[in-house]
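Here's a structure to walk through together. Have a look at it first, and then we'll go around it site by site.

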Amino acid sequence: MKCRVCRGPAVVDVRRHNAAFCPDHFVRHCEDQVRRAIHDHAMIHEGDRVLVAVSGGKDSLALWDILVRLGIPSDGVILGLGIGEYSEASNRCARRFAQDRKLSLHEVDLVEELGAGIPGAAEATRRAPCGACGLSKRHLINTVAHDHEYDVVATGHNLDDEAAVLLGNVLRWEAGYLGRQYPVLPTSPGFVKKVKPLVRLAERETAAYCVVRGIDYQVDECPMAAGNRHLAYKDVLNTLEERSPGTKSAFLFGFLERVHDRFAGDSSEEREGLRACEQCGAPTTGDMCAFCRLRVRVTASKGN
Ligand code: Q46
Ligand code: ZN
Ligand code: ZN
């Protein structure tokens with residue numbers, strides 16, 4: 001295997017591009033893909049204050065590293081999810097990454113904000129933990145970004161994540177979700193703009209990027225992920241990709257370039273008619289936002 005660029009020994013192959021790369025040119029490849037995603041979707045503009053949503057895993061740390069290498073000054077934010085040793089190890093990776101590079105990392109503790117970590121929240125709602133986790137992340141990260149006046153929140157969703165979410169939404173023809181599934185969610189009152197600069201990189205590539213760059217990341221899967229439907233969608237897509245490299249990106253980018261517009265109308269209306277949450281002031285359709293309702297349930301479950 002030889003590097004496509006310099007013909008030196010290659011360490012990573014990227015079958016959907018029919019290419020292999022040496023370490024230096026692989027890093028260059030990842031930077032190029034991120035730069036292209038940022039440019040194609042007008043994700044980040046000169047002078048924007050960027051906040052990276054960090055989990056301690058490979059994707060978000062690769063993203064933070066690439067943004068900094070591209071000369072885009074970025075701070076990080078991480079939540080303490082309260083999932084035992086898994087959360088502690090994840091946060092240690094993020095902290096070390098930030099300290100080594102003298103980057104600024106905001107830390108928010110879910111137990112303090114909600115009254116329970118993810119396991120307690122799942123118990124209180126009697127639902128799968130990922131629902132409470134997703135809504136807590138969206139709420140708290142947007143709150144940090146809004147309060148500290150960041151222009152953009154960047155998340156580490158990669159090509160595999162986006163293709164799996166798309167497959168799930170297509171299988172159920174979730175028109176509203178399909179309308180919102182885009183690498184950029186523009187700003188609106190109370191919501192900071194959200195972007196996904198890793199959308200052109202596969203999971204395998206972000207992992208290889210961290211290895212090549214010597215980034216120490218949380219390698220364990222979240223212990224609460226079992227039963228998460230997206231894992232099954234990822235398996236299906238991996239099987240298809242194995243047989244026919246390029247399937248995932250053709251699926252996702254075909255949708256983004258040729259189909260998404262037809263659904264886009266369904267989502268913009270949802271952000272209209274919002275008012276301030278009576279508890280925390282966040283934008284919401286009812287009296288209280290979903291996060292504050294979750295907190296009320298957690299508090300009530302403790303009383304029982
Ligand atoms: S952290 Fe949270 Fe994930 Fe764990 S509980 Fe589910 S959503 S699987 S990205
Ligand atoms: Zn090379
Ligand atoms: Zn609220």
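Predicted model: local features only at pLDDT ≥ 70, side-chain atom pairs only at ≥ 80, totals over all residues.

Residues are numbered from 1 along each chain as its sequence is written, chains are lettered from A and ligands numbered from 1 in the order in which they are written, and side-chain values use heavy atoms, leaving out hydrogens and water.

So what are C3 and H25 doing in this picture? Along with C6 and C22, they coordinate the zinc ion (ligand 2), through SG atoms for the cysteines and ND1 for H25, at 2.0 to 2.3 Å. Donors here are N, O and S atoms within 2.8 Å of the metal (3.2 Å for Na, K and Ca); water is not among the atoms, so sites may look incomplete. Along the chain, the donors of this zinc ion (ligand 2) are spaced C-x2-C-x15-C-x2-H. C3 sits in the segment before β1 (12-14) and H25 in helix α1 (residues 23-40), so the pair ties together parts that are 22 residues apart in sequence. Helices (H or I, at least four residues) and strands (E, at least two) are DSSP runs, numbered from the N terminus.

Now move to the zinc ion (ligand 3). Its protein donors are the SG atoms of C277, C280, C289 and C292, 2.2 to 2.3 Å away, and their spacing reads C-x2-C-x8-C-x2-C.

What about R262? This residue belongs to helix α12 (residues 261-268), and with a relative accessible area of 68% R262 is exposed. Its C-alpha atom is 7.8 Å from that of G179, 83 residues apart along the chain.

Finally, ligand 1 is surrounded by C130, C133, K137, C222, M224 and A225, each with a heavy atom within 4 Å of it.

Definitions and conventions. Buried < 20%, exposed > 50% of the residue type's maximum accessible area, 1.4 Å probe, protein only.
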